[in-house]
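Please examine the sequence and the three-dimensional model shown below. The paragraphs that follow lead through them step by step.

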Amino acid sequence: MAEQELRLLSALVLLIGFGLFLALPFVLSIGSVVFLPLVTALLLTILLSPLADKLARFGLPNVVASIGALAVFLGILLLSLALILQPALALFDSLPAITERVTERFADLRDEFAWMAIANEELTKIMGGTGPREVVLATPTILEEIAFATPSIVLEVLIMFLMAFFMIEARVRLRRHLLFDRTSFGSSVKAARVMREVQDRVAAYIMTVGMINAGIGVIVALGAWALGVDAPIMWGGLAATLNFIPYVGPLAMTALLALFGIGTADTLWLGLIPAAAYIALHTVEANVITPSILGARFTMSPVMILIALSYFTWVWGVPGALLSVPILLTLTALFDHIGRPNVVGFIFGEPLFKSDVLERGLEDEQAGPAQM
């Protein structure tokens, strides 16, 4: 009877947890003005705290070192935006001509496969179906959407950088609080391990992936220049930025290169050369270069990456897609220390956490001051 009650309690706990998991996106989405800057500021703190520590070792005050770390990040961000947006604005005037050219290419392609449309119409008549109905929805223009979104974006960016500054500036006090305000020495050791592992893993991942993506951007820019594509620096910056979004980013980059190539090249097949070259480059990078550099330490399940990508994109859109992998990496580092929950076994009455978590806690409790 006790075992049945335990299994029933386990099932209820899992159902409650699943319900909270489904309700969390709505809470985070509604409160995105607060939660999105907070999460971004936490990740920036993890990323920039080592740089602030290095600046502080040169004798700079903590406040100046924190501002310097944020200034370096802002400089890189503004430089990247300038490299992408300035050529994009220059190409904006030629967008109608490119759109018209793409439409002509697809019209020619549609004429070549017109027999399929005729066969579809005949089949529809035989089956007794009716023609498709067209529904036209009135939507705001792009300028109206930008005008509505700008105040909210500016507010979130300001809140994010203010939070990041205060968190970076308070990093030393936070470390002392985590290490010395614990009731037992074992919990202090575990707190030190968790803090060091999360910071090292997330910062190393972002820096390593950033350098890989920068290399991809340089190669794409040189390839675009060699192929005679307009604004090669912009395409290199787009490739480097979109490569931070797993799977979806390279697909979007391929689609952009294909559409732009079709709209500017003389023939359809010549226009597909830049997209084909990028697919070849991304295949080598994703399957050879990145796994060999990152190694097993940063290996994550593709299923978990896609779940995190879809989950946080659903909640926060494009910023959520950019933050999905660092958030997943942070949670993975935390679970490596507190233990991964035994969800399947918990349904059948087993403990939620395995016994090795308890043994690890006892080892931390028995650790000496030298380990600290």
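Is L38 buried, partly exposed or exposed? L38 counts as partly exposed, because its relative accessibility is 30%; buried means under 20% relative accessible area, exposed over 50%, and partly exposed in between, with a 1.4 Å probe and protein chains only. The model is predicted, and local features need pLDDT of at least 70, side-chain atom pairs count only at pLDDT 80 or more, while totals for chains, interfaces and linings use all residues. Residues are numbered from 1 along each chain as its sequence is written, and side-chain values use heavy atoms, with hydrogens and water left out.

The chain as a whole may be described next. Its secondary structure comes to 16 helices and 0 strands; helices (H or I, at least four residues) and strands (E, at least two) are DSSP runs, numbered from the N terminus. Of the 372 residues in the chain, 32% are buried. A contact means heavy atoms within 4.5 Å. Among contacts between residues at least 6 apart in sequence, 71% join residues at least 24 apart.

Leaving aside neighbours within four places in sequence, L38 is in contact with M163 and M167. L38 and A164 are 126 residues apart in sequence, and their C-alpha atoms are 8.2 Å apart in space. D53 also lies in helix α2. D53 counts as buried because its relative accessible area is 15%. Apart from neighbours within four places in sequence, D53 is in contact with R171 and R175.

The interior contains nonpolar cores, each a set of buried Ala, Val, Leu, Ile, Met, Phe, Trp, Tyr and Cys residues joined through side-chain atoms within 4.5 Å. The largest has 23 residues, of which V198, Y205, M300, F312, W316 and I327 touch the most other members. Helices α2, α8 (185-226), α13 and α14 (318-338) each supply at least two residues of this core. A second, separate core of 20 residues includes I84, V229, A275 and Y278.

Helix α9 (residues 232-242) is largely enclosed by the rest of the structure, because 8 of its 11 residues are buried. Among these buried residues are W235, G236 and L242.

Two packed helices are described by the angle between their axes and the distance between the axes. The axes of helix α10 (residues 248-264) and helix α12 (residues 273-294) come within 8 Å and cross at roughly 160 degrees; axes are lines fitted to C-alpha atoms, for helices over the stretch in contact, and angles run from 0 to 180 degrees between N-to-C directions. The crossing therefore makes α10 roughly antiparallel to α12 (angles under 35 degrees count as roughly parallel, over 145 as roughly antiparallel, 65 to 115 as roughly perpendicular and the rest as oblique). In this contact, P250, M253, T254, L257 and A258 of α10 meet P274, A275, Y278, I279 and H282 of α12.

Aromatic rings complete the account. The whole structure holds 7 aromatic pairs: rings of Phe, Tyr and Trp (its six-membered ring) pair if their centres lie within 6.5 Å, with planes under 30 degrees apart counted as stacked, over 60 as edge-to-face and the rest as tilted. F26 and W314 form an edge-to-face pair, 5.6 Å centre to centre with 85 degrees between the planes. This pair links distant parts of the chain, since F26 is in helix α1 (residues 2-30) and W314 in helix α13 (residues 302-316), 288 residues apart. Ring pairs link F26, Y311, F312, W314 and W316 into a cluster.
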